[in-house]
Amino acid sequence: MKALISSCLLGRNIKYSGGNNLTPKLVEILKKYNVELVEVCPEAFGGLSIPREPAEIINGKVLNRVGKDVSLEFEEGAQKTLNLAIKNEVDFVILKERSPSCGSNYIYDGSFSGKIIPGKGWSAKKLFENNIKIFSEEELKEIEEFIKKFNCGN
């Protein structure tokens, strides 16, 4: 079984602030079931620096906090992420919730105030549109159930 995963969730210092979003319980589940991991950071794939200004989706574009349109970088990162998922024939994807790239259920509302709204990030949307199963790091129970069902079916 193989999963594409946001690098920051594994402790890589690649998020916009230069930090990470290490999620130990997630890592524990993935190790328990010997899930092969393919790491990705769509924003870095798109050519954005680390650290970088935070960005949010506003009116169908991705703008950073100082107003620069980084939609092209997000689109490039999303396409490269999709290509990586297809090339590696991943069974599912785990992405960082609320990220403008990776949010699978929620994203920030575009006001840079920390308010969240239902929605998908740029890369999550592209993966979803291509019928690739996506989880967030907050769906630990669902991830483990999916892995168990998958393993029983093979």
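This is a predicted model: local features need pLDDT of at least 70, side-chain atom pairs count only at pLDDT 80 or more; totals for chains, interfaces and linings use all residues.
Residues are numbered from 1 along each chain as its sequence is written, and side-chain values use heavy atoms, with hydrogens and water left out.

Let's start with helix α3. Helices here are DSSP runs of H or I with at least four residues, strands are runs of E with at least two, and both are numbered from the N terminus. α3 covers residues 71–87, 17 residues in total, and spans 24 Å from first C-alpha to last, close to the 24 Å expected at 1.5 Å a residue; that expectation is 1.5 Å times one less than the number of residues.

Which residues of α3 are buried? They are Ser71, Phe74, Gly77, Ala78, Thr81, Leu82, Leu84 and Ala85. They sit on the same side of α3, because they cover an arc of only 160° around the axis, taking the directions from the helix axis to the C-beta atoms. Buried means under 20% relative accessible area, exposed over 50%, and partly exposed in between, with a 1.4 Å probe and protein chains only. On the face turned away from the buried side you'll find the exposed residues Leu72, Ile86 and Lys87.

And the partners? The buried residues of α3 pack against β1 (2–6), β2 (36–40), α2 (42–45), β3 (55–58), β4 (61–64) and α4 (122–129), contact being heavy atoms within 4.5 Å. After α3 comes Glu89, with a positive phi near 50°.

On to α4. Its buried residues are Trp122, Ser123, Ala124, Lys126 and Leu127, and these pack against α2, β3, β4, α3, β5 (92–95) and β8 (134–136). Following α4 is Asn131, whose phi is also positive, near 60°.

Now the largest pocket. Its lining has 28 residues, and Lys15, Tyr16, Ser99, Pro100 and Tyr108 lie nearest its centre. A pocket is an open set of points on a 1 Å grid over the protein atoms alone, with protein on both sides within 12 Å along at least five of seven lines; lining residues have an atom within 4 Å of a point. α2 and β3 are the elements giving two or more residues to this lining.

Last, Leu10, in the loop between β1 and α1 (24–32). Is Leu10 buried or exposed? Leu10 counts as buried, at 14% relative accessibility. Beyond neighbours within four places in sequence, Leu10 contacts Ile5, Leu22, Val27, Leu37 and Glu39.

How values were computed. On a 1 Å grid over the protein atoms alone, a cavity is a set of points where a 1.4 Å probe fits but cannot get out, and a pocket is an open set with protein on both sides within 12 Å along at least five of seven lines; lining residues have an atom within 4 Å of a point.
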